[in-house]
Amino acid sequence: MNAPLRRVGIVVMVLFGLLFANLNWIQAYKADEYRTSDYNGRVQVAEYERRRGNIEAGGTAFALSKETGGELKFQRSYPGGAKYAHVLGYKPVNLAETGIEKFENDFLAGTSDQLIANRVKDMFTGDRTGGGNVLLTLSKRAQDVAYEQLRNNRVDAAKGAAIAVDPRTGAVQALVSMPSFDPNPLVSHSTNEATAAYNKLEQDPAGPLKNRALGEVLPPGSTFKIVVAAAALENGIGQETRIPAGSSWTPPTSGTPIRNAAPSICPQDEVTLKTAVTHSCNTGFAKLGVQLGADKIKEKARQFGFEQEDLTVGHLNEGGYPVAASRTGSMENADGGADPAALAQSSIGQRDVRMTPLQGAMIVAAVANGGSQMRPYLVRQLLAPDRTTSHYTAKPKELRQPVSGQVADDLRDMMVSVVENGSGRNAQLKGYTVGGKTGTAQSAPDRPDHGWFIGFALDKNGNPVSAVCVMLEQAGPGGSAEAARIAGQIMRAAIADPGGR
């Protein structure tokens, strides 16, 4: 054989070798990816051969499947519409699924390893057993109230969020993001219609697809003072300890004075810590933050959950919605040295401090629960298609203990004073002890302020029954008072709904 033929033979052998290696790579490593690809039409048709399981709250299905008589035999439907959209998500034909529909997809579709017995049985019977059912922790009544109160708020805020949790377990009682959207057009079997509906939502400047309760961060304003107060209590300052205050204070290194929201707030040179919390004394907390130092405040915030990158909300064992990390930001100068002006602004929840509504609810839930912060979750139970077998039942887990029981008691006392004597009066509930903290946060010089409220309710025995955070984006004057009113209504609904506890 001459040299040219040998070279051709070698090239052909190398090509066959590469082809063989690629075939094995596809079969061994890429098969699942190709099999489950959204672009695999045969997989799509097969997926719709089986009825997808329900997603339920309080005994009502808010995501279900109906027979169509077409090639895709079942149509996904969301009877709750926009009210549950940011919890349930949606399961479209050609677009990516989101929410509960995404992270419980295998169980809902019936392809989970937990449901293998059903699939084996189907091989012998010829049946197509439906997918499993997902039961949520949500209180229908609390979810209804949260949605309606946010949508019809009295300060005409177009954007906002509310989330309520059971402080004892971490079970989410309500989760609403505003504006919301109707997921039903997104699951149309007409891919053109579904894509057009998605593009319209995606291009909406109001951002209805954003989950503002879990995935967006904003400056929390005075609600962050609870973190600073916790740090103070752990460093020798008590409720009745007098701290410097005054009507105005200009921190060193800054020409910008910090003032209180009104001249009547903390005009004295000194006030007690309890008074500073009750009346939201900006000058008192700005000076207190500088006294404590950046390290203590940032560490206490971290202990409450700030800077956590890996938190998810859904299934306690298998993850769920990714939660945006809340941040304290830099409280030092560019060289890492002390910057009293930056620290003073950060101590009243401004400058670079950013927080999700979930983080706000988790702070106040830990305070209400004696210092124990439970891991939040949405999935209460996974039921087999025939509903006779439970494949998972949530067992609450402690996430961390950011403060001691004594510090939690002191914080509770001061937050109750906020609701009884200060800016949180709108959150009061007859027959329950309510504590909380309002917050007004600057957004931009030419935009209205954000309004916040974090709060908890205790029953007559002192047991925590609900903790909530309400955020009204760019709500302007009265935003924090309206957030407190809405929070009170949500907690009232959660308490009144036995199925939500």
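## A pair in helix α12

Which residue forms a salt bridge with E299? That partner is R302, and the closest N and O atoms of the pair are 2.5 Å apart. Keep in mind that this is a predicted model.

Both E299 and R302 sit in helix α12 (residues 294–304), three residues apart, or about one turn of the helix. E299 counts as partly exposed because its relative accessibility is 31%, and R302 gets that label at 42%.

## Other salt bridges

Searching the whole structure turns up 18 salt bridges. One of them joins R51 to E67, with 3.4 Å between the closest N and O atoms. This pair ties together distant parts of the chain: R51 is in the loop between α2 (41–47) and β1 (55–57), while E67 belongs to strand β2 (residues 60–67), 16 residues apart. R51 is partly exposed at 33% relative accessibility, whereas E67, at 64%, counts as exposed.

R351 and D352 also pair up, at 3.2 Å from N to O. There's a network too, with salt bridges linking R52, R76 and E101.

## Space inside

Now for the gaps: there are five cavities of 30 Å³ or more.

Sorted by type, the lining of the largest cavity has six charged residues, three nonpolar and two polar. Strand β3 (residues 74–77) gives the most to this lining, with three residues.

## A patch on the surface

V8 has its place in helix α1 (residues 3–35).

Note on methods:
Residues are numbered from 1 along each chain as its sequence is written. This is a predicted model: local features need pLDDT of at least 70, side-chain atom pairs count only at pLDDT 80 or more; totals for chains, interfaces and linings use all residues. Side-chain values use heavy atoms; hydrogens and water are left out. On a 1 Å grid over the protein atoms alone, a cavity is a set of points where a 1.4 Å probe fits but cannot get out, and a pocket is an open set with protein on both sides within 12 Å along at least five of seven lines; lining residues have an atom within 4 Å of a point. Grid points are joined across faces, edges and corners, and a volume is the space filled by probe spheres set on the points. Helices (H or I, at least four residues) and strands (E, at least two) are DSSP runs, numbered from the N terminus. Ala, Val, Leu, Ile, Met, Phe, Trp, Tyr, Cys and Pro count as nonpolar, Asp, Glu, Lys and Arg as charged, and the others, Gly among them, as polar. A salt bridge is a side-chain nitrogen of Lys or Arg within 4 Å of a carboxyl oxygen of Asp or Glu. Buried means under 20% relative accessible area, exposed over 50%, partly exposed in between (1.4 Å probe, protein chains only).
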